[in-house]
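Please keep the structure open while reading.

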Amino acid sequence: MRIVVSGGAGFLGSHICEALLDRGDEVVCVDDWSTSSPDNVADLVRRGLDVVAADVSEGLDIDGHVDAVAHFASPASPPDYHRRPLATLAVGSRGTETMLRLAQQHSARFVLASTSEVYGDPLVHPQTEDYWGNVNPIGPRSVYDEAKRYAEAVTAAYARTYGTNAGILRIFNTYGPRMRAHDGRVVSSFIAQALTGAPLTCYGDGSQTRSFCYVDDLVRGVVAMLDSSVPGPINLGNPTEFTVAELAELVLQITGSESIVEYHPLPTDDPVRRRPDIRRATQALDWRPRIDLAEGLRRTIMWFAGRPAELSHAAPA
Ligand code: UDP
């Protein structure tokens with residue numbers, strides 16, 4: 001198969017490119033480098049990954065045939081999309097249309113990386129795919145949430161209008177190697193802080209919950225979705241829920257760090273609880289996560305511990 005992955009040099013995208021190369025696919029990685037890094041794909045380029053520098057919001061020219069398209073380009077960390085609000089809206093809307101057009105022209109499979117953020121601050125718990133969500137359309141998070149909701153709408157419309165073989169994945173919090181130490185997400189922040197002896201920045205009282213999925217598990221689900229013709233939407237995430245305070249404790253325990261936990265105000269519209277119902281993924285894709293949080297954290301901490309330069313790299317303002 002020849003597969004085009006937008007956002008292919010980002011955290012999730014680079015793991016997807018790697019998994020596809022591992023099984024012998026030809027992979028074209030498209031990235032605008034806004035929140036990604038050439039380091040993520042340097043080894044993959046040596047193994048034949050084709051890298052195209054492009055912002056898919058502006059369009060995309062790809063020569064040759066295409067069997068599948070995975071649209072993973074987008075800022076995904078709250079500080080990133082707060083810094084780039086219009087670019088986030090553009091890649092979710094125009095960027096998704098670009099990638100859908102590409103899939104439709106080649107009669108290729110299309111998979112959209114949507115998000116648990118389409119559920120907003122959910123009133124249904126755990127979140128099932130038939131829940132429509134509780135999103136503030138004009139709040140600071142809306143640039144991401146509404147962009148992804150539009151991305152889902154236009155994907156569904158392409159499937160209805162042109163018969164595009166499209167599938168929607170709603171991805172819940174995922175972590176692992178190749179996250180940026182200072183991207184502002186909770187797992188990477190806590191690990192970087194614990195390893196450097198800095199205080200762990202806990203927002204709110206730490207009682208809000210998330211369900212953290214290790215990246216290898218997530219990627220298995222993405223590949224299964226690419227190989228299927230399942231329309232979704234399908235939740236992909238680890239259904240074991242932790243409070244942010246529990247996560248902080250676990251990171252301190254595994255690293256053996258003596259960092260303190262420091263409390264900061266909770267960001268606007270920060271969801272209180274989040275946990276995927278994954279029955280659909282299990283039924284449709286025979287998918288379930290295998291790596292628990294402690295094991296996934298150990299692997300991620302080992303990766304960060306071997307990269308002191310990444311840890312000391314100044315956090316963006
Ligand atoms: N969070 C935190 N400290 C940090 C970064 C995030 O306590 O340094 C909290 C954040 O407020 C949220 C949770 O951790 O409740 C997950 O945040 P993240 O940005 O990783 O993902 P998202 O909010 O998109 O689920």
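## Helix H10

How many residues does helix H10 have, and how far does the helix reach from its first C-alpha to its last? H10 (residues 293-305) has 13 residues and reaches 18 Å. That is close to the expected 18 Å, taken as 1.5 Å times one less than the number of residues. Helices are DSSP runs (H or I, at least four residues), strands are E runs of at least two, and both are numbered from the N terminus.

The model is predicted: local features need pLDDT of at least 70, side-chain atom pairs count only at pLDDT 80 or more, and totals for chains, interfaces and linings use all residues. Residue numbers start from 1 along each chain as its sequence is written.

Leu-293, Gly-296, Leu-297, Thr-300, Ile-301 and Phe-304 are the buried residues of H10. Buried means 20 or more other C-beta atoms within 10 Å of the residue's own; exposed means 12 or fewer; partly exposed is in between; C-beta atoms are placed from the backbone. Seen down the axis, the buried residues of H10 fall within an arc of 130 degrees, so they line one face of the helix. The arc is that of the directions from the helix axis to the C-beta atoms. An α-helix has 3.6 residues a turn, so residues three or four places apart point the same way.

The face turned away from the buried side carries exposed Glu-295, Met-302 and Ala-305. The buried residues of H10 pack against several elements, including strand E12 (241-243), helix H6 (186-196) and helix H8 (244-255). Contact means C-beta atoms, placed from the backbone, within 7 Å.

## H6 against H8

The axes of H6 and H8 come within 10 Å and cross at roughly 40 degrees. Axes are lines fitted to C-alpha atoms, for helices over the stretch in contact; angles run from 0 to 180 degrees between N-to-C directions. H6 contributes Val-186, Phe-190, Ile-191, Ala-194 and Leu-195 to the contact. H8 contributes Val-244, Leu-247, Ala-248, Val-251, Leu-252 and Thr-255.

## Trp-287

Trp-287 sits in the loop between helix H9 (279-285) and H10. Is this residue buried or exposed? Trp-287 counts as buried because it has 21 C-beta neighbours inside 10 Å. Its C-alpha lies 7.8 Å from that of Arg-220, 67 residues apart along the chain. Leaving aside residues up to four places away in sequence, Trp-287 touches Arg-220, Gly-221, Ala-224, Ala-281 and Thr-282.

Terms used:
Contact = placed C-beta atoms within 7 Å.
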